[in-house]
Amino acid sequence: MSSEAQVTGGNPAAHRGQPEVLNGPFTTRQLLRLDEALRLADSSTGLTFSIYVGDLEEPVRAYTEKLHGQLADPPHSVLIALSPNQRQLEIVTGGEARRRLPDRAAKLAALSMAAAFGGGDLAGGLVSGLAQLADHAGRH
């Protein structure tokens, strides 16, 4: 599957053979919701959506752009990068994705996600943001 929910952190359990994603801030049910939201966004738009949750190096925008550049198809990709510890949220769109998702649409989705995050709902905010971005991008 091209979509991914990548959760990173310094949890020692990750070094004992357990997949790192299982040591992140999400329950198994939340991970399943995120995976489904990513799959729906990908299939409905033809774009590739990815989520990164973890600490972001400074400068944050340059780091998220670097992460975006490491995706399989950056021009057709959208990366949502969230660092709860740093209270940072970035949305990076590739050149082709940006034609369908202008900055204004990304900012509106970011505001919606930030409101959910403020209430402590990381997974719900990400699912909602993905749905908003996919709706705005429309069908491929």
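View 1. Follow the sequence and you get the pattern β-α-β-α-β-β-α-α-α. That's five helices and four strands, taken from DSSP runs (helices are H or I, at least four residues; strands are E, at least two) and numbered from the N terminus. This is a predicted model, where local features need pLDDT of at least 70 and side-chain atom pairs count only at pLDDT 80 or more, while totals for chains, interfaces and linings use all residues. Residues are numbered from 1 along each chain as its sequence is written, and side-chain values use heavy atoms, leaving out hydrogens and water.

**View 2. The largest nonpolar core.** A nonpolar core is a set of buried Ala, Val, Leu, Ile, Met, Phe, Trp, Tyr and Cys residues joined through side-chain atoms within 4.5 Å; buried means under 20% relative accessible area, with a 1.4 Å probe and protein chains only. Here the largest one has 29 residues, and Phe49 and Leu126 have the most contacts inside it. Elements giving two or more residues include β2 (48-53) and β3 (77-83), but α5 gives the most, with eight.

**View 3. A second, separate core.** Look for Tyr63, Leu67, Leu71 and Leu79, which are among its nine residues.

**View 4. Where α1 runs along α5.** The two axes (lines fitted to C-alpha atoms over the stretch in contact, with angles from 0 to 180 degrees between N-to-C directions) come within 9 Å and cross at roughly 5 degrees. So α1 counts as roughly parallel to α5, the label for angles under 35 degrees.

Conventions:
Buried < 20%, exposed > 50% of the residue type's maximum accessible area, 1.4 Å probe, protein only. Parallel < 35°, antiparallel > 145°, perpendicular 65-115°, else oblique.
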